[in-house]
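Please look through the sequence and the structure shown here. The paragraphs after them take the chains and their contacts in turn.

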Amino acid sequence: MRRLVVFLVLALALLAGAATFNWWVDPFAEVWKPGAVADARAGGCLVSQELIGIRYYSFKRDVFAHRPTRTFVVGSSRVLEIASHPGERTFANLGYPGSAPETILKLFRALPAKPRQTVYMGVEAFWLNARYTVPDTDPSAYHLAEYLLSRSAFTTGLKFVRQAHYILYDRWRKDEVGRHCVIGRIFPSINWRVDGSRVWSWELDPRRFSKVGAAPFTGNLETWRNGYYADWRTLDERRIHLLEQALALARERGWRVVGFAPPEPPHMLHVLDTDPRIAPRWHAYLTLMPRLFARYGFVWAGLEDGARVPCRASEYPDAFHTDGACSARVRRRLDEAARRPH
Amino acid sequence: MLFNSFPFLFGFLPLVAAAYFAVPRHRLRLLLVVAASYYFYAYADWWFPALMAGSTAVSYVGGRLLEAERLAHRRRLVLTLGIVGVLAVLGYFKYASFAGGYALDFVHVITQQRFPGLRSFVSSIVLPIGISFYTFEGISYLVDVYRGTLRAERDLLRYAFFISFFPHLIAGPIVRYGILQPQLLEKHRFDADRVRSGLLLFTLGLAKKVLLADGLARYVDHYLATPAQLGFVTAWGSAIGFGFQIYFDFSAYSDMALGLARIFGIELPWNFDRPYRSASPTEFWRRWHVTLSTWLRDYLYIPLGGNRKGERRRDANLLATMGLGGLWHGASLNFVAWGLYHGVLLAGTHHGRRRGLSLPRPLAVAATFLLVTGGWVLFRMRSAAGIGHLYAGMLGLHGFGGVPGHLFLYVAISAALVFGLPEEWRWPVERWNVVYVAAAAVLFAVAASSVYTSHPFLYFRF
């Protein structure tokens with residue numbers, strides 16, 4: 001009996017120890033760390049993507065819960081630079097990479113119905129490509145248990161600790177990037193403000209960090225923009241239905257919604273307008289959206305033509321995402337649209 | 001549900017084992033294990049248990065009728081109907097797609113009609129895992145009752161336990177009821193030594209699977225994805241690597257099955273005994289997947305006449321038995337070719353022996369190992385082109401090739417284990433002292449933490 005107990009106790013103790021280590025070090029950032037965001041909030045800092053990882057859903061709900069939010073934006077990674085005006089406390093950016101109508105509906109259902117909100121909803125055309133798959137940004141407890149007990153997390157965690165010993169004692173630390181403080185770990189390449197908006201490190205400190213590069217359009221849709229527009233045959237009815245459910249819920253709650261297409265630089269707008277593999281669906285999307293939003297009593301602000309925002313081609317560092325300056329102008333267009341009578 | 005998965009290791013197994021020993025009555029325990037085994041099977045697909053229940057019912061009723069019937073021709077009829085009944089399910093789910101595909105190709109050549117609807121239906125037939133194993137168990141039961149070497153089981157619960165017992169359900173060993181029946185009559189009290197011994201054997205199997213077989217798979221799969229590019233060294237390294245991979249994978253499953261059954265007080269028959277140490281193909285089949293090879297011998301080769309009707313008939317029987325054995329592994333011509341290849345090796349061994357040919361044992365072991373490795377090419381590469389490319393690489397027709405360091409390291413470790421230590425079920429785990437037990441606990445923790453990225457067992461496909 002003694003040897004059976006030794007086996008079971010030792011095996012379970014080792015697994016529990018490994019799980020605790022993985023939870024603490026969390027090398028793939030799959031554990032939600034509200035403490036890091038709280039530290040950023042308390043210290044007036046940004047929080048590094050290294051600490052948010054894939055837990056966007058938890059992060060954005062936390063952002064909403066800790067602000068007297070009256071206006072928020074949802075959408076893909078292309079709306080993330082839309083931020084609060086200076087001094088504004090009632091705005092939150094609840095967009096995140098891997099958003100889609102299903103994640104927006106899930107988020108809407110999770111948010112309180114009151115007080116009434118003004119919602120800026122960036123709708124991507126590629127969401128209506130059925131081939132676009134939505135990554136899991138809200139992993140289940142089971143997935144988390146698997147992760148915590150995995151050897152790959154443990155060995156990668158050991159490499160992290162070798163690189164930065166302090167992680168054994170402090171799960172994160174305060175770092176300086178330019179004139180900003182960042183709650184991070186080793187390399188803060190992407191950072192989040194406490195209003196949920198994103199800021200690239202090169203925007204904080206252009207001398208220390210270099211800009212992301214823009215990949216030219218080669219004509220290969222499988223590689224262009226992560227393949228989001230490849231093999232796009234029809235507008236996905238399922239996603240349209242989910243989008244309508246989100247709009248119906250917003251109307252039921254008395255929220256005001258302004259829809260928009262995230263701005264495109266001129267050369268990419270040209271691709272979308274003229275490439276025969278995309279253009280028919282792109283134009284169908286541009287036709288459908290204003291009607292869809294109007295059906296629920298909401299405004300469609302367009303904005304797909306970045307030049308009319310106005311944003312310069314140089315304000316899209318990777319020819320896909322807008323930078324902070326362009327996004328501030330987008331925010332002003334959205335505010336104007338929200339003030340228009342619905 | 002895989003043995004190498006979190007739901008099994010941290011949910012199913014501890015719960016079922018704890019409940020098994022908590023239930024005071026023997027029949028309730030049997031019922032608990034049968035229910036748990038059906039749940040285990042349903043985890044793969046909800047409708048699979050219905051097939052197993054049907055197969056169980058056919059062989060159970062067949063056994064009862066065989067015992068009740070006295071007239072020889074009626075007994076033969078009952079046996080035939082019983083075997084056809086259980087084989088029909090296997091035939092439909094395992095071979096309809098294979099045979100239907102070839103039939104439709106043939107019709108297409110004659111009539112130029114493609115029949116896309118029928119083709120799509122045929123190719124959509126899903127093979128329920130484990131069906132090959134419990135079908136053979138049902139057949140062996142019917143034949144044993146028919147031959148009078150086994151009394152038919154009257155208790156349906158015990159019989160259902162025999163067919164469904166989860167440790168051997170998915171990938172064997174192929175158990176005969178004569179081995180299990182006496183064990184099912186005993187009430188098994190909780191025995192810490194036996195449970196520990198079972199856990200240790202299970203741990204050795206788990207470690208062999210996730211650390212060795214999966215480690216080899218990573219490199220073998222990588223190289224064999226492009227067989228046309230493999231030079232002499234890489235081609236041989238990949239083929240030998242696959243030989244070790246499939247051995248560790250399948251024997252690991254058998255070790256785990258034996259260990260799990262032991263926890264519940266059941267001893268299952270061993271299935272492997274370091275087959276790569278064999279000095280002839282005949283010896284190889286006495287050490288490789290033994291419960292299948294003895295099944296084929298007792299229920300196919302001997303009824304066909306075995307070696308009692310002359311050399312030619314013996315050779316034909318060997319080819320037929322091994323060809324069907326190959327087909328049992330999968331509904332594909334490459335498996336038939338692999339089976340026939342081994343049939344030729346076995347027949348060749350008999351002829352060689354009759355002519356007095358023999359080699360010193362180390363040379364004979366090396367020759368057998370190379371011949372078996374050559375056969376794995378047919379087993380692993382599913383297309384004729386892939387088989388041709390890999391054989392060409394092994395013959396040096398693609399040049400010498402680079403030395404794949406990581407693969408060779410795995411192969412060297414595998415060879416050291418295979419040729420240096422006995423098969424794991426022979427290890428005296430029940431006598432291990434606390435230091436060995438603690439080392440096994442560490443091994444379990446490492447292996448269990450590796451299941452996150454583990455592959456399914458190769459033999460699940462068969």
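Two strands count as paired if DSSP finds at least two bridges between them. Strands (E, at least two residues) and helices (H or I, at least four) are DSSP runs, numbered from the N terminus. The model is a predicted one, in which local features need pLDDT of at least 70 and side-chain atom pairs count only at pLDDT 80 or more, while totals for chains, interfaces and linings use all residues. Residues are numbered from 1 along each chain as its sequence is written, and chains are lettered from A and ligands numbered from 1 in the order in which they are written.

Chain A has twelve helices and ten strands. The radius of gyration, taken over C-alpha atoms, can be set against a globule rule of 2.2 Å times the number of residues to the power 0.38. For the 342 residues of chain A that rule gives 20 Å, and the radius of gyration of chain A is close to this at 22 Å, so chain A is as compact as a globular protein of that length. The C-alpha trace of chain A spans about 75 × 45 × 45 Å along its principal axes.

Two residues are in contact if their C-beta atoms, placed from the backbone, lie within 7 Å. Take the contacts in chain A between residues at least 6 apart in sequence: 73% of them join residues at least 24 apart. A residue is buried if 20 or more other C-beta atoms lie within 10 Å of its own, exposed if 12 or fewer, and partly exposed in between, again with C-beta atoms placed from the backbone. By this count, 41% of the 342 residues of chain A are buried.

Strand β5 (residues 173-177) of chain A pairs with β6(A) in the antiparallel sense over five bridges, and D175(A) stands opposite V182(A). Two residues lie between the strands in the hairpin of β5(A) and β6(A), where G178(A) takes a positive phi near 65 degrees. Strand β1 (residues 46-48) of chain A pairs with β6(A) in the parallel sense over two bridges. There, V182(A) is the bridge partner of L46(A).

Helix α6 (residues 141-148) of chain A has E146(A), Y147(A) and L148(A) as its buried residues. They pack against α1 (2-25) and α7 (151-163) of chain A, together with α1 of chain B.

Where else do the chains meet? In total, 19 residues of chain B are in contact with 17 residues of chain A. On the chain B side, α10 (192-224) and α19 (434-448) each supply at least two residues, and α19(B) gives the largest share, ten residues. This side of chain B divides into 15 nonpolar residues (Ala, Val, Leu, Ile, Met, Phe, Trp, Tyr, Cys and Pro), three polar and one charged (Asp, Glu, Lys and Arg are charged; the others, Gly among them, are polar). The predictor gives the complex an ipTM of 0.80 and a pTM of 0.83.

Chain B is divided into domain 1 (6-190) and domain 2 (193-279 + 359-461), with bounds from an automatic or database domain assignment. The C-alpha centres of these domains of chain B lie 28 Å apart. Contacts join 16 residues of domain 1 of chain B to 18 residues of domain 2 of chain B.

Chain B averages a pLDDT (the predictor's confidence in each residue, from 0 to 100) of 89, and 98% of the residues score at least 70.
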